[in-house]
Amino acid sequence: MSPTPATDRAADPTAARSSARVLEAINRKRRGASLTDEEIEGVVTDYVAGRIPSYQMSAWLATVACRTMATSELTALTRAYIRDGRRLDLTGIGAPVVDKHSTGGVGDTTTLIVVPVVAACGVPVAKMTGRALGFAGGTLDKLSSIPGLRLHLDTDELVPMIRKVGMVITGQSADLTPGDGATYALRDVTGTVESIPLIAASIISKKIAVRADGLVLDIKTGAGALIPDRPDAVLLTQTMMALAASFGLPSRAVLSDMSQPLGPAVGNALEIRQALDVLGGQRSPGLWDLCAAISRLMLQSVDPGLSDTAADAMVERVVDDGSAREMFVRWAVAQGADATVLADPARLPTARRRHLVTATESGVVLGIEPRAVGRATLLVGAGRLTHDAALDYGAGVVLHHRVGDRVGRGDVLAELHYDSGDADGARALLAEAFVVGDGDCAVPPAVHQIF
């Protein structure tokens, strides 16, 4: 939703009063005061209606990012984001529905794996997802590499899809949270994307609008995470869980590692192939460990009496017997995907060129810098350097080793897949991303903490 042009605001007799109110709210928050529900709702409502200019909303967002918000203020902000938006009614499904959210990262294919796994276990899943944010790949972009797949369903189509298949993955609908939709673009250009209160309100508002019966959060920590520092990542986790609870939404959370790329594939079609391999029984270290933990929590979120052992057994069974992969294919075909491509993933978009990055010395892989790997994929078109850039769905990186692996001089560390772009820059980034040396290395766990 676009704000009203300045010429139209000047003619609006309420615009001056709205600007005065938001200025007062900015000044009060800057002094450290808590804003009232009415002040917060007024700021968001006035911006959505076009009664205050973008520069004043930007100042308000920046002030909130610097001064933070109490849970009561965040509850009011979340409610304001949802106000006047549509709400999904999932009661017609006839069973508890679960949702999940990840703060994203490099090689993070968890949604593509855990949603069909949990659905194959008999628990319906409703998942709205978005495009890439910076160097971290977006689930919507990855799925867009599947020919024919419809990823922008009308809200009226979601419940029938879940009833028919058992799951749905679709693009985020702006009509569910108009306040968040109007302010999100501003956050991207005002340096407030990493604000803990604004992240929490944005994410939870969408989850409340979906009205699922349970929510599992996957919060990343480490060099490649949106919130790299662990104490801040823990604070974000606790903030979102408290905010969800204030709306009566039960939630669980995983604090997971992003000090290295999560999975071996980084890039859109490459990650689709990887997800299908994992769903078919290939348990990639790190990636599978996290997916198994999230799947367990999603099952337990709608059945609190389910033990860890029983939940893990259900997850293992649907992967081993092929029903998880079958669920992914059935869902994708139901949303228009070309079944012949999913039957033969080699037909997914593929880059024509390869470059191998090899180890210059023998030793142990002491580190893999995830942001460097993510930036390398951006340079060859797997991600967007500008908002409206076209994607090369076949481009990306395949990692051959993880932290803790022993390698010899000349061993392949990574494979760059590309057709165009700055391949030389990408190769240099990949070479710098790997740290190989002598000595023991503490291998980071995929899951640091469960809440």
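A polar contact here is a pair of N or O atoms within 3.5 Å; within protein, one must be able to donate a hydrogen and the other to accept it, and residues adjacent in sequence count only if both atoms are side-chain atoms. The views below come from a predicted model, in which local features need pLDDT of at least 70 and side-chain atom pairs count only at pLDDT 80 or more, while totals for chains, interfaces and linings use all residues. Residues are numbered from 1 along each chain as its sequence is written, and side-chain values use heavy atoms, with hydrogens and water left out.

**View 1. Thr111 and its polar partner Lys100.** Thr111 sits in helix α6 (residues 110-120); helices (H or I, at least four residues) and strands (E, at least two) are DSSP runs, numbered from the N terminus. The side chains of Thr111 and Lys100 make a polar contact at 2.8 Å. With a relative accessible area of 5%, Thr111 is buried (buried means under 20% relative accessible area, exposed over 50%, partly exposed in between, with a 1.4 Å probe and protein chains only). Setting aside neighbours within four places in sequence, Thr111 is in contact (heavy atoms within 4.5 Å) with Lys100, Pro116, Lys127, Thr139 and Ile169.

**View 2. Helix α5 against helix α11.** Here α5 (residues 71-82) packs on α11 (residues 230-246) at an angle of about 65 degrees, and the axes are 10 Å apart. Axes are lines fitted to C-alpha atoms, for helices over the stretch in contact, and angles run from 0 to 180 degrees between N-to-C directions. The two helices α5 and α11 are therefore roughly perpendicular; angles under 35 degrees count as roughly parallel, over 145 as roughly antiparallel, 65 to 115 as roughly perpendicular and the rest as oblique. From α5 come Leu74, Thr75 and Thr78, which meet Thr239, Leu243 and Ser246 of α11. Sorted by class, this contact of α5 with α11 has two nonpolar, four polar and no charged residues (Ala, Val, Leu, Ile, Met, Phe, Trp, Tyr, Cys and Pro count as nonpolar, Asp, Glu, Lys and Arg as charged, and the others, Gly among them, as polar).

**View 3. A closer look at Thr75 in α5.** Thr75 belongs to helix α5 and is buried, with a relative accessible area of 11%. Beyond its neighbours within four places in sequence, Thr75 is in contact with Leu243, Ser246 and Phe247.

View 4. Thr68 lies in the loop between α4 (54-67) and α5. Although Thr68 is not a glycine, its phi is positive, at about 60 degrees, and its relative accessible area of 42% makes it partly exposed. Asp84, in the loop between α5 and β1 (98-102), has a positive phi near 70 degrees. This Asp84 is exposed, with a relative accessible area of 67%.

**View 5. Helices α17 and α18 side by side.** The axes of α17 and α18 (residues 423-433) come within 8 Å and cross at roughly 170 degrees, so α17 and α18 are roughly antiparallel. Ala372, Val373, Arg375, Ala376 and Leu379 of α17 make the contact with Gly425, Ala426, Leu429, Leu430 and Ala433 of α18.

View 6. Val380 is found between α17 (370-379) and β9 (396-399), and at 2% relative accessibility it counts as buried. Not counting residues up to four places away in sequence, Val380 touches several residues, including Asp392, Leu416, Tyr418 and Ala426.
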